[in-house]
Amino acid sequence: QVQLVESGGGLVQPGGSLRLSCAAAGSIFSIDNMAWHRRTPGKQRELVATITSDGTTNYADSVKGRLTISRDNAKDTLDLQIDSLKTEDTAVYYCNVDGIRLDGARFDVWGQGTQVTVSS
């Protein structure tokens, strides 16, 4: 099995910065795509950033220029740097990872979510 553990959420003032982390562990052979999603109460889950195994990144238009997604393939970790935080960035952030397990089966797993609250 493959598990994801997220960290780094919290309460931040508008204009501040935050860095979220996600660590994958378990029977991992390789990781392909990694992504961050967020869910705001009353709204659908939103895909905010993705990064492929070769480092290609994509961002939602709503966050472009303020978020930076990165990964460490040696450590199987995923980060999300959020700058110039806005109140509308308040949400639960989830990491999502897919790849291949040691037994050859594909996996697609989600983290437990970490709360980010932007408020003065």
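# A tour of the strands, one stop at a time

Start by selecting Ser30: across from this residue, in strand E9, stands Ile100. Before you click on, know that this is a predicted model, where local features need pLDDT of at least 70, side-chain atom pairs count only at pLDDT 80 or more, and totals for chains, interfaces and linings use all residues. Residues are numbered from 1 along each chain as its sequence is written, and side-chain values use heavy atoms, with hydrogens and water left out.

**Stop 1: E4 and its partners**

Colour residues 28-39, which make up strand E4, and residues 91-101, which make up E9; the two pair in the antiparallel sense over nine bridges. Strands here are DSSP runs of E with at least two residues, numbered from the N terminus, and two strands pair if DSSP finds at least two bridges between them. In general, strands of a sheet pair through backbone hydrogen bonds, either parallel or antiparallel.

Pick Met34 and look across to E5: Ile51 is its bridge partner. E4 and E5 form a hairpin, with six residues between them. While you're in that turn, click Gly42, which has a positive phi of about 85 degrees.

**Stop 2**

Which parts of the chain does the pair tie together? Cys22 lies in strand E3 (residues 18-26) and Cys95 in E9, so the pair ties together parts that are 73 residues apart in sequence. Look along the S-S bond of Cys22 and Cys95: the torsion is about 60 degrees, so this disulfide is right-handed.

Buried or exposed: what are Cys22 and Cys95? Both are buried, where buried means under 20% relative accessible area, exposed over 50%, and partly exposed in between (1.4 Å probe, protein chains only).

**Stop 3: Asp98**

Stay in strand E9 and select Asp98. At 14% relative accessibility, Asp98 counts as buried. Show what Asp98 touches, leaving out residues up to four places away in sequence: Ile31, Asp32, Asn33, Arg106, Phe107 and Asp108. Touching means contact, that is, heavy atoms within 4.5 Å. The side chains of Asp98 and Arg106 are joined by a polar contact of 3.2 Å. (A polar contact is a pair of N or O atoms within 3.5 Å; within protein, one must be able to donate a hydrogen and the other to accept it, and residues adjacent in sequence count only if both atoms are side-chain atoms.)

Then jump to Ser119: from Asp98 it is 21 residues along the sequence and 33 Å through space, C-alpha to C-alpha.

**Stop 4: the open sheet**

Select E1, E3, E8 and E7, four strands that form an open sheet in the order E1-E3-E8-E7, with antiparallel pairing. Its edge strands are E1 (2-7) and E7 (67-72), each pairing on one side only. Zoom in on E7 and E8 (residues 77-82), which pair over six bridges. Here Ser70 has Asp79 in E8 as its bridge partner.

**Last stop: two loops**

Between E7 and E8, find Asp76 in the loop. Its phi is near 55 degrees, a positive value in a residue other than glycine. Asp76 is partly exposed, with a relative accessible area of 23%.

Finish at Ser84, in the loop between E8 and E9. Ser84 isn't a glycine, yet has a positive phi of about 50 degrees.

Technical notes. A disulfide is a pair of cysteine sulfur atoms within 2.5 Å.
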